[in-house]
Amino acid sequence: MKIAHYWEQQEQRWHDQYLQAEKTIDEMETALRKIEDLAFKHIHDAAVRDEVSKIVDTVWRGARS
């Protein structure tokens, strides 16, 4: 019984950690999109806008080799 209870508690901790990680990722995505939108509102140079898009895409999707 003690072992089953331990594993139930451990599974709950893992689940709580997973939910916190998901929340953090969602907050980061939201912040990244807000930064991108703000940059697009204030940057009129097409080359710079393209570079901002590349940076956001790299951060979001990860660097591809």
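Author: Start with the two axes. Helix 1 (residues 2-42) and helix 2 (residues 46-61) have axes that come within 10 Å and cross at roughly 175°. Axes here are lines fitted to C-alpha atoms over the stretch in contact, with angles from 0 to 180 degrees between N-to-C directions. Helices are DSSP runs of H or I, at least four residues, and strands are runs of E, at least two, numbered from the N terminus. Helix 1 is therefore roughly antiparallel to helix 2 (angles over 145 degrees count as such).

Who makes the contact (heavy atoms within 4.5 Å)? Helix 1 supplies Ile 25, Glu 29, Leu 32, Arg 33, Glu 36, Ala 39 and Phe 40. Helix 2 supplies Arg 49, Val 52, Ser 53, Val 56, Val 59 and Trp 60. These residues divide into 8 nonpolar, 1 polar and 4 charged. Ala, Val, Leu, Ile, Met, Phe, Trp, Tyr, Cys and Pro count as nonpolar, Asp, Glu, Lys and Arg as charged, the others, Gly among them, as polar.

The model is predicted: local features need pLDDT of at least 70, side-chain atom pairs 80 or more, while totals for chains, interfaces and linings use all residues. Residues are numbered from 1 along each chain as its sequence is written, and side-chain values use heavy atoms, without hydrogens and water.

Now Glu 36, in helix 1. Glu 36 is buried, with a relative accessible area of 10% (buried means under 20%, with a 1.4 Å probe and protein chains only). Glu 36 touches Val 52, Ser 53 and Val 56, leaving out residues up to four places away in sequence. Of the protein's 65 residues, 9% count as buried.

Technical notes. Parallel < 35°, antiparallel > 145°, perpendicular 65-115°, else oblique. Contact = heavy atoms within 4.5 Å. Buried < 20%, exposed > 50% of the residue type's maximum accessible area, 1.4 Å probe, protein only.
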